[in-house]
Amino acid sequence: MKKIMPQSAKIQEKQKRESKFVSEFICFVTGEASDRCNRENRKTVNKYDICWALSLLRFDNYSDAML
């Protein structure tokens, strides 16, 4: 975050933690989708794989919003 913010800007610890949480969540969902692609011998993860992973992880409300 510091790379894109002005040098005078301050980033609160709460926002740093939230940013880390969001990054971990994205990696977790993408990892599940990627595993599915690997099992199906595909190299490209698409939005349907992400939606499948969200549903698998019981985040159905997010997968419904993506389609």
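Where is the place of Asn 41? The views below come from a predicted model, in which local features need pLDDT of at least 70, side-chain atom pairs count only at pLDDT 80 or more, and totals for chains, interfaces and linings use all residues. Residues are numbered from 1 along each chain as its sequence is written, and side-chain values use heavy atoms, with hydrogens and water left out.

**View 1. Asn 41 in its loop.** Asn 41 sits in the loop between helix 1 and helix 2 (47-56), where helices are DSSP runs (H or I, at least four residues) numbered from the N terminus. Although Asn 41 is not a glycine, its phi is positive, at about 55°. Asn 41 counts as exposed because its relative accessibility is 71% (buried means under 20% relative accessible area, exposed over 50%, partly exposed in between, with a 1.4 Å probe and protein chains only).

**View 2. Arg 58 in its loop.** Arg 58 lies in the loop between helix 2 and helix 3 (60-66), and its phi is near 65°, a positive value in a residue other than glycine. With a relative accessible area of 75%, Arg 58 is exposed.

**View 3. The aromatic cluster of Phe 25, Phe 59 and Tyr 62.** The structure holds 3 aromatic pairs (rings of Phe, Tyr and Trp, the last by its six-membered ring, pair if their centres lie within 6.5 Å; planes under 30 degrees apart count as stacked, over 60 as edge-to-face and the rest as tilted). The ring centres of Phe 25 and Phe 59 are 5.0 Å apart with planes at 85°, so this pair is edge-to-face. The pair links distant parts of the chain, 34 residues apart, with Phe 25 in helix 1 and Phe 59 in the loop between helix 2 and helix 3. Phe 59 and Tyr 62 form a tilted pair, 5.9 Å centre to centre with 40° between the planes.

Conventions:
Helices (H or I, at least four residues) and strands (E, at least two) are DSSP runs, numbered from the N terminus.
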